[in-house]
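Take a short walk through this model.

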Amino acid sequence: MNKTYINGVGCVSAQKTFDTVFLEEAVLNENDNLLPIQAPVYKDFISPAMIRRMAKGVKNGIVASALAMKEANLENPDAIITGTGMGCIEDSDKFLKALIDNNEEFLTPTSFIQSTHNTVGSQIALSLQCKAYNFTYVNAAVSFESALLDAKMMIEEDDANSILIGGIDEMGDYTASLFKLAGFIKEDDGGPYPLLDSKTTGVVYSEGATFFVLENKITETTYAEVLDVEIQNTIELDEVEAKAAEFLKSNNLQISDIDAIVLGFDGDVEFDTYYKKLTENSFVNTPQLYYKHLSGEYNTASAFGLWTASKIIKRQQIPEILKVNTLQKSQYKTILLYNQYKGIDHSFTLISDVKPQ
Amino acid sequence: MNKGVAITGMGIISAIGNSVEENYHALINGETAITTIENINTVHVNVMKVGEIKKTNEALAAELGLSPDNSFSRTAMIGTIAAKQAVKNAGITAINEYKTGLISASSVGGMDITEKHYYDYFNHPELVKYIGSHDGGDVAQKISEELGLKGFVTTISTACSSAANSIMLGARMIKSGKLDRVIVGGTDALAKFTINGFKTLMILSDTYNTPFDNNRKGLNLGEAAAFLVLESDEIVKKENKKVLARVSGFANANDAFHQTASSENGEGAFLAMEKAFKTSGLKPSDINYINVHGTATPNNDLSEGRAIIRVFGEGNIPDFSSTKPFTGHTLAAAAAIEAVYSVLAIQNNVVFPNLNFNTPMEEFNMIPQTELKHKNIEHVLSNSFGFGGNCSAVLFSKAHE
């Protein structure tokens, strides 16, 4: 069975993640409940006419995918697989608002056309003239992991040599106001919002686009091997440790084999208990990392987590800003990622350094 | 030829019926259900016809026994009804007995509920529960909760080919051993959002849709949900399960031509069909019936027709029909309900009629089957295409012991 390697990455996020080495310019912002993204210079990647028409999620997706492909020296992938929780919410809001405000009259199709969840995947296909397999997953916090799992299956089944995968989410003003009303986003003026010491429910939200080139071969740009990814819709709090152990066991690993655990802590005091179960018990002697204080929470923020873990394995170094505890290892060979949102859509992802072939 | 993945259960709710039996009855009796909109308050009520499930949200909630404080969108309710039927039909009593997954599909998720309350949330605290019901994942989560399913759950959204892709992923996960059993399909309720979206694209018919007719004027939207249960051969053998039919081939390709229009030569559709044959080991000449995408838009039928001619050869096209004159175009659910119809065609050895057809298209010689036809059906090809150039083809085959 073919192995799956991460050979290129590209990330647009609330941090400078596209023209830096590895979070050396990261800024911790605990004052906002909506973290703005560090926008790239779009015109370096997209024609001015297109920039005007495209929503930011599409633009960010195009930039992040271009960066990942450039790094992996890939021109035309054998599949394009994306994940997005909320889809093109800006265009969706725009069309819906116009529809309601004008009582279904005087509408134009542009924002409707761009509101489709698979817009990013299809725009990339269009620009590359890529006629291959093209899927989009839209299942909240496992949208990206669904894409990862699909790609890994394709490579294992020998259906593809090189696959572009990515997680994209954008936030719109109106949706943000609804999320605040529903308590999904922490209250305005409730700051600062320290993530690990949070005493409140809800999260600090953001947006982003993170892409990876997955291939069946090791190259000069290889970051890591994707050993496994597992998705489970519900796990009870008292089951999460056993579930993690079971996942490791199915990969012939034990907790002591894990050199770092990357957790999706998002500052929601109600559901961070899942992560604490692991950090305070099974993985108490494992270097523990978090990242959503930098990326913010969004349905595909876990792709930022995988980006972080990939960088750690490649660079064999962990930026201080990611550390939950002070434990260190001389080598970072195997990293486990665990994520969930609101106690549902759990995912475990396992990556490792590359064994010489 | 590979054996394909066993289908052991089906469930469906559409404009033409609330069960597999009702849908079949309507299909063989030519009973269409394209009507005026009743459940949605839209200004376009007099200028379009739709395939609508004639049940109010209240009736659907009552049927499911939902508590008054539920936050189900219509999409989630019809999805749950179809998924429950499928699970029951497969004779499943302990849903988590095997490694079981759910792969749903939806184009706009809970948009039907969002558009209804969009500005009201701030003044009506009792509506706030619906804010989290908007995204596609919420629909799958609610269905899995209603089924009591704990396991792999995901949702695919590739516009109008979505459910074909959920069938495809499910079949792959059974074949690879990642799952023992998976419930695959899709659900989409009618929404003002899509009604108006398609209206701005000017591809809605103001009368009844007429697939593959030279004078076709566009599509009728519809709403529906359908799910199929796929199971591993190990379970089928161990539990002596009845196999309704098999998923014998599938492929997805991208037209890479335009965000909403299909290329003139149907490149994406051609590639999807060609690859589906390759994965199945079947040849075009093995196909007894094509359930075409056939939306009756000028663009789709021309593009799809040309792609079919490229795959089969103009003189060798098997009986084909679009069932969209019965149901309307049910978007992300279309490939799921048409998968049910493909299985019914195989089980009952019938070709369903392509209603409303009068005049052959001038571009090529392709005449759909316009009357119900009885003949042995071993293999069916089902096509589904969506925005973003997304093209899928799935092959279904008769289950032989």
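This is a predicted model. Begin with α7(B). Eight of its nine residues are buried, so the helix is largely enclosed by the rest of the structure. The cut-off behind that word is 20 or more other C-beta atoms within 10 Å of a residue's own. The buried residues of α7(B) are B:Lys192, B:Phe193, B:Thr194, B:Ile195, B:Asn196, B:Gly197, B:Phe198 and B:Lys199.

What covers them? The cover of α7(B) includes parts of both chains. Chain A brings α3 (89–101) and α4 (110–114). Chain B brings α4 (111–117) and β7 (221–222). After α7(B) comes B:Met202, with a positive phi near 55°.

Now step back to the two chains. In chain B, 50 residues are in contact with 47 residues of chain A. On the chain B side, α5 (136–147), β5 (152–156), α6 (162–175), α7 (192–200), β9 (245–254) and α9 each supply at least two residues. That side of chain B holds 19 nonpolar, 25 polar and six charged residues.

Follow α9 onward. Helix α9 (residues 267–280) of chain B packs against helix α10 (residues 298–312) of chain B. Their axes lie 8 Å apart, at an angle of about 40°. That angle makes α9(B) oblique to α10(B). The crossing of the two helices is right-handed. From α9(B), the contact takes B:Ala269, B:Phe270, B:Met273 and B:Glu274. From α10(B), it takes B:Ser303, B:Glu304, B:Ala307, B:Arg310 and B:Val311. By class, this contact has five nonpolar, one polar and three charged residues. An α-helix has 3.6 residues a turn, so residues three or four places apart point the same way.

Technical notes
Residues are numbered from 1 along each chain as its sequence is written. Chains are lettered from A and ligands numbered from 1 in the order in which they are written. This is a predicted model: local features need pLDDT of at least 70, side-chain atom pairs count only at pLDDT 80 or more; totals for chains, interfaces and linings use all residues. Axes are lines fitted to C-alpha atoms, for helices over the stretch in contact, and angles run from 0 to 180 degrees between N-to-C directions. Helices (H or I, at least four residues) and strands (E, at least two) are DSSP runs, numbered from the N terminus. Angles under 35 degrees count as roughly parallel, over 145 as roughly antiparallel, 65 to 115 as roughly perpendicular and the rest as oblique. A crossing is left-handed if the near helix is turned anticlockwise from the far one by less than a right angle, and right-handed if clockwise. Two residues are in contact if their C-beta atoms, placed from the backbone, lie within 7 Å. Ala, Val, Leu, Ile, Met, Phe, Trp, Tyr, Cys and Pro count as nonpolar, Asp, Glu, Lys and Arg as charged, and the others, Gly among them, as polar. A residue is buried if 20 or more other C-beta atoms lie within 10 Å of its own, exposed if 12 or fewer, and partly exposed in between; C-beta atoms are placed from the backbone.
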